[in-house]
Amino acid sequence: MPETTDILNALVLFGNFVFMPALSYGSQLALGALGVTLLFGILRFANFAHGDTMAFGAMVAVLVTWWLQSLGVSLGPLPTALLALPVAILATSLLVLLFDKYVYRYYRKQKSPPVMLAIVSVGVMFMTNAIVRFIIGPDDQRFSDGQKFLVRARDFKEATGLNEGIAIKTSSVITIVVTVVVVVALFWFLNRSKTGKAMRAFSDNEDLALLSGVNPDRIVLITWLITAALATIAGVLYGLDKSFKPFTYFQMLLPIFAAAIVGGIGQPVGAILGGYIIAFSELAVTYAYKKFFRYLLPEGSEPDSLVQLLSTDYKFAVSFIILVVVLLVRPTGIVKGKVI
Amino acid sequence: MTILVGENMTGGYGGADILHSCTVGVDRGEIAVIVGPNGAGKSTAMKAMLGMLQLREGRVVYNDKDITQLTPQDRVAEGIAFVPQTNNIFTTMTVEENLQMGGYLRDSGIDQTIQQIYELFPILAEKRRQAAGELSGGQRQQVAVGRAMMTEPAVLMLDEPTAGVSPIVMDELFDRIIEVKRTGVAVLMVEQNARQALNIADKAYVLVTGENRHTGTGSELLADAEVRKSFLGG
């Protein structure tokens, strides 16, 4: 039998390397998936440009942060990027509205099928992608400042006397707090406000919403604004947590779409659930459990190998497998959404 | 005088004409029904009056005003409400939210109107927090009519309100529609169940291949030997 401290050590180890990272990564995916799912529910197409929209928003935040830093502006322990966030949201809104005006609107008026719009969004994705690389380049950029840790692993160990420690990153806490605030605000808006109800009505039954006097142009505009804000927030939070690199945002498309579809596309609650499911699966499957088992198993029987189900290089396979299984077994997703 | 009338309407959905100089009208506080065999253009006539198809000839007059060029949305804003035959509710929204969406264009007095609708359809008050998609067929139709009534319309157009509901529910729906009429609303409806519809009709139109075949009060048409023989099964 392992001792209590061993069990605690194992749990702390798991908390530090799987639970906490999954919670913040899941929040970032959830915010990304919310944008995809809202756009799918209301504009009725899968927006492949969403990952690069996140990159664009994060890029603006990086540039504004650098500028603020050069002026000596700082938020103390918090990252300066939070100050840059509103500007980034504004710039991203402008970008998506321009794309809507000059690209998507034409296909909407033609009543193009969703597949065509999805392909159009691939084109927009390449353009956004190019704009970002043109402005800031393809390389890794660091822009996080302030206090890196809220609780250091060493302090945790000293305080508890355990061998293992949980380090709580400031960026994780910010991610989780911001996600909660954004999600509460979004659900309040969708369920309580007149415009939010009109958006849900438009998503539910477009013809009847039009008959009820809902102005479709206004709904489309507001949907883009919300999507741009969600994408920027998700992009900046991810950048603060890891670092800013345009290509990683393109790669995030797969887990984000997997999250939206697993949760039930068109369903905001589903997008959040899906985000955490994907994040926890990804981290749980790619974590090396060797040390974890060393605490729990009797001496002499601990495993020699890393006990890692999948190398982190293959982490995208996890989203992919979950996506394929969900599409085969329950294509509507967990919360009953639309079938793509 | 009639509050809403489509005069000599001729037109279709782009291809061949479906309506051939067809005239349909309704006045405040009365029920007008359009009956006729399948493919007679009953629904098409109603949709033409709402502006969902372009007329080649003829015009639609509402309150002595020519509204032929108005879009359906504009006509709704003017006081013409329409309940489509299918997809006529927001299934994922609650009953109350459906009613609120019906009153979307109004700035005030929505809660009062919702109370009036609840008095008219007591079952909706009971189910106000339930998703409309979870209700039975008859209850859904009441939500649909209630949503349309939220604009406090002068004219209420119903496209086959009793399609797919049981005879008992149909009678109940007709009772409700009579009550709607008593509030001073002009009710125009297309119906498959011709005999029952003529029973409650103040005015009735029998359409055949997009033309007016018979016109009269409900009881006149019910008594008409030719109408009985051709459309009511003897």
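## Exercises on a predicted two-chain model

**Exercise 1. In β8(B), which residue is the bridge partner of B:A32, and which one is it in β9(B)?**

Let's start with β8(B): there, B:A32 has B:L188 as its bridge partner. Turn to β9(B), and the partner of B:A32 is B:K203. Keep in mind throughout that this is a predicted model.

Now widen the view to the strands themselves. β3(B) covers residues 31-35, and 4 bridges tie it to β8(B), residues 186-190, in a parallel run. With β9(B), residues 203-208, β3(B) also pairs in the parallel sense, again over 4 bridges.

**Exercise 2. Are the faces of β3(B) covered or open?**

Step one is a general point: side chains in a regular strand alternate between the two faces of the sheet. Step two, sort the residues: B:I31, B:V33 and B:V35 sit on one side, with B:A32 and B:I34 on the other. Step three, check burial, where the cut-off is 20 or more other C-beta atoms within 10 Å. All of those residues pass, so both faces are covered.

**Exercise 3. Which elements do the buried residues of α6(A) pack against?**

First, size up the helix: α6(A) runs over residues 170-192 and spans 32 Å from first C-alpha to last, close to the expected 33 Å. Next, pick out its buried residues, among them A:S171, A:I174, A:T175 and A:V178. Here's a handy rule: residues three or four places apart in an α-helix point the same way, because there are 3.6 residues a turn. Finally, the buried residues of α6(A) pack against α1, β2 and α9 of chain A.

**Exercise 4. How many residues does each chain bring to the contact?**

Chain A brings 13 residues and chain B brings 17. On the chain A side, α7(A) and α8(A) are the elements giving two or more residues. α7(A) has the largest share, with 5 residues. By type, the chain A side splits into 6 nonpolar, 3 polar and 4 charged residues.

Technical notes
Residues are numbered from 1 along each chain as its sequence is written. Chains are lettered from A and ligands numbered from 1 in the order in which they are written. This is a predicted model: local features need pLDDT of at least 70, side-chain atom pairs count only at pLDDT 80 or more; totals for chains, interfaces and linings use all residues. A residue is buried if 20 or more other C-beta atoms lie within 10 Å of its own, exposed if 12 or fewer, and partly exposed in between; C-beta atoms are placed from the backbone. Two strands pair if DSSP finds at least two bridges between them. Two residues are in contact if their C-beta atoms, placed from the backbone, lie within 7 Å. Ala, Val, Leu, Ile, Met, Phe, Trp, Tyr, Cys and Pro count as nonpolar, Asp, Glu, Lys and Arg as charged, and the others, Gly among them, as polar. The expected span of a helix is 1.5 Å times one less than its number of residues.
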